[in-house]
Amino acid sequence: MRLIANRYEPTGNASWGGMGELNECEDKNLSRKVMLKRVFKPSDLPRLLDEQKALIRLRSKHVVQLLDVISFKWNSQDIRCLVLEHIPGTDLDKLSFSAGEEYQKTLWQIATGISEIHAAGVIHRDIKPQNIRRDGNGIIKIFDFGLARETGKDDKTKSIVGTIGYMAPELFGTKTISFTAAIDTFAFARTALALLGIQPRNEKPKAIPAGSVIAAQSKLNVEVAKTLEACLDLSPTGRPSMNEVTALLGRDLLRDKHRARVGTQAQAYELNATKRTVNLSFQSQGSLSIRYDGYEFKITALSGDVYVNNARATVGTTMLSACVITIGSAAPRAFVTFDISNPEVMA
Amino acid sequence: MITPGTELASRYEIVSYVASGGMQDVYKANDKLTGEIVALKTPQAGQANKRFKQSAILSARISNYNVAKTFDYFEEGNACYLIEEYIEGTTLEAATLDVIPQIDPHLAAYLMLRIAKGLAASHQAQVAHRDLKPSNILVGSGFSSIKITDFGIATLAEELFEEVIAKSGDLTRSTSGTVKGALPYMAPEMMFRKPGDHVGCEADIWSLGALMFRLMTGSFPFGEGMMVPVNVEKKQPLSWPSFLTRKAQFAPLSNSITGIVEKCLAYDKEQRPVALEVVGSCEELCFHFSPREFGVISEVKYSTGFVRSSDGEKIFYHKDSLYGSLGAKVGSKVVFSAHDGTPFPRAHPIVVCP
């Protein structure tokens, strides 16, 4: 078989969408599979270029990677293809989830991907479970940037484009519409609910009463449910940024995963989810209690002279890692070291 | 030497020559399709192109934040080229051993976690590095990013290794510079392997242990040169310097890390943890990482002192935060992390450099 661009060999596997096709090929240079994407009609070429423009700006673990752009002749036809990373895995519309850590990790990865897309100045415009895939290593990848636009540059539309059900209310109308990255935030929340089996209706979205997400999904973390509701705000400015959404989901995934090591001259203590509090005192110079609330280590009680890194501590002070607690304002004083672990959201 | 301005594969324009890795030349190039700066690698004359391609295929299978990503591979004329993620910075060797006598346990914990994460992803893709050492790890400024590179190097060296084994029985009698440079970090099953022996991912865990020992102590765990195989074979116990545990602020973390390092350096490869287990152990460590900066000691009192940072700021330190083999004198060069403090920012940890 003839190689395309001197390196890509079609495997014969292909899929067709509304306006183009995806051909699976073997890249002979790196012995790996890639996907060649092209459009059929010359009038759809701008969409391919929009996708190319968006993907070139993006280098995210959670976004399909553009590897190459090739132009060649095939049966005397001029063909232009994007060469995309091949991602073996399952699209999210084929998977079912229930509220819990696995689900929340998935949301965190999707949110991280969308945050990185927005940070690169791109609006995806078609976030939905069918455009998100979980690969063999459990990594979430967002693809199909055929509708993507550059923030602040070509973020206006005259026609209704996107997928109804995931489209934010501001996209419905007959006049020219300006839109922002907040349309992806809306689609993210609709996607999050669809993964739990709450499919969107095919109509212009209406306001949802506060508390309805948690009412429908009682096992969902309350904070996560509230965030999803905020993402569905009918007003684009009322929705949180995807950065905020990612931070909140990540914070909750790390709840109760930290440890702290407290060291005195005489003894070492460990604080964690099963042992949350330590009480420290030195002679009559002072005393304090530190408690782990699942997110941070905080001073909850204090008497006498207590300093953290030489600054006077008070009740409510949040402990920083690698600091020294001093009990007493003059000798004899006690020094206590305090170090916190660094759990990371797996992905 | 490729002249700057040369365009390869109608896509990559050479910007400048970066370094020679002993077996390959590295250039900085501009990817004209994406507008991104990339690293372009090409084997030096006399190196086998087939193995170079094989190494590119292997490294392209790995996708992880702690591994320099392989983007492309192509052949043009009689030469072959690999395109890799470009990291603005230096090697771990240059960032630590060249300037710091030994790293503090907080930095050690941070580095070990990141390197282990990169190894875990590689091993999951069934790719072993087999020549992991500080010069094959790239670091961004202030240790902001840590990326393992040169998965190809071991494959390139394979031919050399095979020749040496065929000639002298095993690798330990070689006079080759490449073999000698690799020996201090080399697993016993690699060092003493016989023709046809398979060396797997466990060898990387040994190398991780050996490189951590080197960074934390400034010395090689089993010495240098021809002493390495001798000491490795007689299973000489590791001797950790006393400064690791001399201070209460550092002792618990030091002890936890040396425990992990010792497990990595188990002679029997079956006894070593797998990379994912090392990641798990490192995530349980209580450590703090913030970028390191350099300065000079400006004042020394009985238990405290001051540092003048490279941008002129006055920074306080307590002797309990002073870590390492060298003592502090006025004029000593130091590396430290600065934290908020009153009335002066506080240095912790602080390590005196030679």
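In this predicted model, the sulfur of B:Cys286 lies 12 Å from the closest cysteine sulfur, which belongs to A:Cys323. That is too far for a bond, because a disulfide requires the two sulfur atoms to be within 2.5 Å. Over all chains, the structure contains zero disulfides. A disulfide is a covalent bond joining the sulfur atoms of two cysteines.

The interface between the chains was examined next. Chain B contributes 35 residues in contact with 31 residues of chain A. Interface size is often expressed as the accessible area lost when the parts come together. Here, chain B and chain A bury about 2,900 Å² between them. Carbon and sulfur atoms account for 46% of that area.

Six salt bridges were counted between chain B and chain A. One of them joins the side chains of B:Glu284 and A:Arg259, with an N to O distance of 3.1 Å. On the side of chain B that touches chain A, two or more residues each come from helix 1 (49-59), strand 5 (70-76), helix 3 (105-124), helix 9 (251-264) and strand 15 (346-353) of chain B. By class, this side has 13 nonpolar, 11 polar and 11 charged residues.

Definitions and conventions: Residues numbered from 1 in each chain as written. Chains lettered and ligands numbered in written order. Predicted model: local features only at pLDDT ≥ 70, side-chain atom pairs only at ≥ 80, totals over all residues. Heavy atoms only, no water. Contact = heavy atoms within 4.5 Å. Buried area = accessible area lost by both parts, 1.4 Å probe. Salt bridge = Lys/Arg side-chain N within 4 Å of Asp/Glu carboxyl O. Helix = DSSP H or I, 4+ residues; strand = E, 2+ residues; numbered from the N terminus. Nonpolar A, V, L, I, M, F, W, Y, C, P; charged D, E, K, R; others polar.
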